[in-house]
Amino acid sequence: MVNFSTFGNELYTGKRSYDFVGYRKLWFLIAGIAVALSILIPVAKGGFNLGIEFRGGSEFTVSNVKTTEASLGEKAVKDVVAGSVPRVANVAGTTMRIQTDKLSDDETLQIKEGLTKAYGVTDNEVTSTFVGPTWGADVTKQALMGLAIFVGLAAVLMALYFRTWKMSLSALVGMAVTMFVTAGVYGLSDFEVTPSAIIGFLTVLSYSLYDTVVVFDKIRENTSDMQASTRRTFAEEVNLAINQTLVRSINTMVVAILPVGAILFIGAGLLGAGTLRDLSLALFVGILVGTAATIFIAAPLYAALRQGEADLVKQAKRVEQRRVDAAAKAESPTSPATA
């Protein structure tokens, strides 16, 4: 059995190779379907599950509860405001969070009293806060502005760093796939979209670009002298670069995803740390998708955008001719002079 070190060495030397570029149409099709589903799923569900920071409303926090039954919190709210749909969650071991639409002062006091009785706590262990619609709209505006600024700066920096719009465009397309698919999974999971989730989302886009830069740097190194080379075509050099950096991408992904997975599955899942769920899910999904987007989308797309260039077409013909000549020479009988 080949160990991981030998596996990486074989990928780097070209002894072992996976044809990522050759199957690019398949990867693009899969990515297109994934992006389409990521857009349709939230639309079909009526939008994302926005947190109270974005939609506004009232929030109650009940500490040291005797039971974590969500139905008790729901009943306490509905007894005061008939027809309301409260969101009740256990955010820590003995802490419950109840979110509702905007309440009057009287309704807030009555619900607070009901929660005190329902969960068997004192009046001091129930706190309430109110988030106005204006503040929620401002948070939404700032989040969208932050995303727009990030994408704009990324586009400029990629263009300056790589000095070619095709490489910059490929990197941004890979980042866009990461953005849409991560958002789609978030919408499917019905996790709340909170400011923490937005922070995690932007962090994921940064990670995606980092991984892309690592792979593209290797591509640029491999293709720096393409005009004089007859060893491989441009697409083959790009594919070699992907294989050469594959182990590094996997290692980086694993190192990044282990602590995030611990937060998501152990912290949020087993220990009930609900406040970490939104951040950890965005990071977990985004790191996986970001790594895949670089390998299967960004790098193959760059090869597709450039391999039709006249100089590279001529270079590919020289490579093919060299291979034909080498094959013919190998098949020809040994000459008398060398017999």
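In what order do the four strands of the open sheet run? I read 2-3-1-4, with antiparallel pairing. I am working on a predicted model, where local features need pLDDT of at least 70, side-chain atom pairs count only at pLDDT 80 or more, and totals for chains, interfaces and linings use all residues. Residues are numbered from 1 along each chain as its sequence is written, and side-chain values use heavy atoms, with hydrogens and water left out.

**Sheet.** I took strands (E, at least two residues) and helices (H or I, at least four) as DSSP runs, numbered from the N terminus. Strands pair if DSSP finds at least two bridges between them. I find strand 2 (87–92) and strand 4 (126–131) at the edges, each pairing on one side only. From one strand to the next, the twist averages 20 degrees. Strand 1 (residues 57–62) pairs with strand 4 over six bridges, in the antiparallel sense. There I see Thr61 opposite Thr127 of strand 4.

**Helix on the sheet.** I checked helix 5 (residues 105–119) next. Helix 5 lies across strand 1, strand 2, strand 3 (95–100) and strand 4. It runs at about 25 degrees to strand 1. Axes are lines fitted to C-alpha atoms, for helices over the stretch in contact (heavy atoms within 4.5 Å). Angles run from 0 to 180 degrees between N-to-C directions.

**Helix pair.** I then looked at helix 7 (residues 165–189) and helix 8 (residues 195–222), which pack at about 145 degrees with axes 10 Å apart. The contact includes Gly174 and Met175 of helix 7 and Phe201 and Leu205 of helix 8.
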